[in-house]
Amino acid sequence: MDESVIDRAVYAELRDTTGAEFVAELVDTFIEEGPGMLAELRTARAEGNAERFRRAAHSLKSNGNTFGALKLAALAREIELKGLDAEPNRDAAALAAMEAEFARAAAELKTLRNG
Amino acid sequence: MAEHSARLLIVDDNKVNRLLLSRSVELLGHRIALAENGRVALDKLRKEPFDLLLLDIEMPELDGFAVLEQLKADLKLRDVPVIVTSSIEGLDNIIRCIELGAEDYLSKPVNQVLLKARIGAILEKKRLRDQQKALVQRFATPEVAEDLLQSGFALGGKRVHASVMFSDIRGFTALVESQGPEETIELLNTYYTLMFDAIASHGGMVSQMIGDGLMALFGAPLPLDGCARSAVAAALEMIELIEQFNVERSAAKKSAIRIGIGIATGDVVAGYTGTQQRATYTCIGDTVNLAARLETHTKQAGCALLIDDATQCALNGSVPTQALGEVQFKGKGAAVDIFAVVTGQPA
């Protein structure tokens, strides 16, 4: 397992303070909700809606931090702070990187949840 | 369940955040309700009471800043404590939350130990404030309590137009001597409950209770349109309630009680008198003295309710009255016209 995707200490603390069963449920919710937030980013980018773009990034950052998905959170934070790029292609590249990172985080969280 | 279980409203547009905060709060023994944006939160707050709000900032429809602003502007909601839970960027945004009245700011993900400490401290503060409010309301009227909470306490008075009412139980001393003290206290409690109810339902407030007597104000501390009419309507209701009470007393083989009421209308000086440590809200002036004299005079006049000329004029014929001519009261320069209001109480 790649420990750089999910910070084990953050995840362990979350599990210890809220319970293993609850964290499993929370992970499932994140895996369900994540694609929607990523899609929201794509839509907001296409519509040029800066407010929605920033808010969706903010949400992903917040959830990334909760689970210890630090790289995902960092990528989301970058987008939140920068907002819509004047050059849409640069945003497309950033979104693709974030989607890939979300997939990695989701896979690893699934393993951790079952572990 | 915690010893002091509270009800919290969690406001967050993100489902993972809502679930996690719910779990954290429930683990502390509190009950929760959820809202997914600011608009839903305000709707819920206006429908049911909450002890504390956990509020996210970044939300669609209505964000956390707007919620804080609306809470602050709402008399009924401005005392609901708020902890902002957010991962918002920028110190200036956090400062803005505090300036808008948030009690505290916790960044997400929220540390469970910190959350427990903050919720505990805020609920304790709220409990003390609620206790203080309840205490003020027990010893003052809701109007005075509200006036105190709004404008703070200052000795001194202001001139207002008001109707002043004095009322007491006839033959109270003889009544006290004929029964035990426990029975007297019980009688007084029932009597005051009935009188407070009648006075409050017509917009008046009881400013003093002395033994079996009371003084009530209509038009202070808050202005009251048609204060004279309200005072007379309250007096008639008081007499009516006493008559109903007498039916119960007579069934219990107890003697009937009678009350005498005097009402005068005019300018009074209303405000707080006393010391910084102990003060009372009251009215002074000729109108007050006249109302007291009228109440005393009910015994001589043989009627339950006497009013002065100004009150009689303000009634504008809406209530039947009987002119009793001029009476020279002690301490009054000139004789004054007085009127009896026709009531159901036997003379």
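## Chain A

Read from the N terminus, the order of elements is α-α-α-α-α. The model is predicted: local features need pLDDT of at least 70, side-chain atom pairs count only at pLDDT 80 or more, and totals for chains, interfaces and linings use all residues. Residues are numbered from 1 along each chain as its sequence is written, while chains are lettered from A and ligands numbered from 1 in the order in which they are written.

## Interface of chains A and B

In this interface, 17 residues of chain A are in contact with 15 residues of chain B (C-beta atoms, placed from the backbone, within 7 Å). Helix 1 of chain B, residues 15-27, gives the most to the chain B side, with seven residues.

## Backbone features of chain B

The peptide bond between B:Lys108 and B:Pro109 is cis, with omega about -5 degrees. B:Pro109 belongs to the loop between strand 5 (104-107) and helix 5 (112-139). Most peptide bonds are trans, and most residues other than glycine have a negative phi.

B:Lys253 has a positive phi, near 60 degrees, and sits in the loop between helix 9 (227-251) and strand 9 (259-274). B:Lys253 is exposed, with 6 other C-beta atoms within 10 Å.

How values were computed: Helix = DSSP H or I, 4+ residues; strand = E, 2+ residues; numbered from the N terminus. Contact = placed C-beta atoms within 7 Å. Buried ≥ 20, exposed ≤ 12 C-beta atoms within 10 Å, placed from the backbone.
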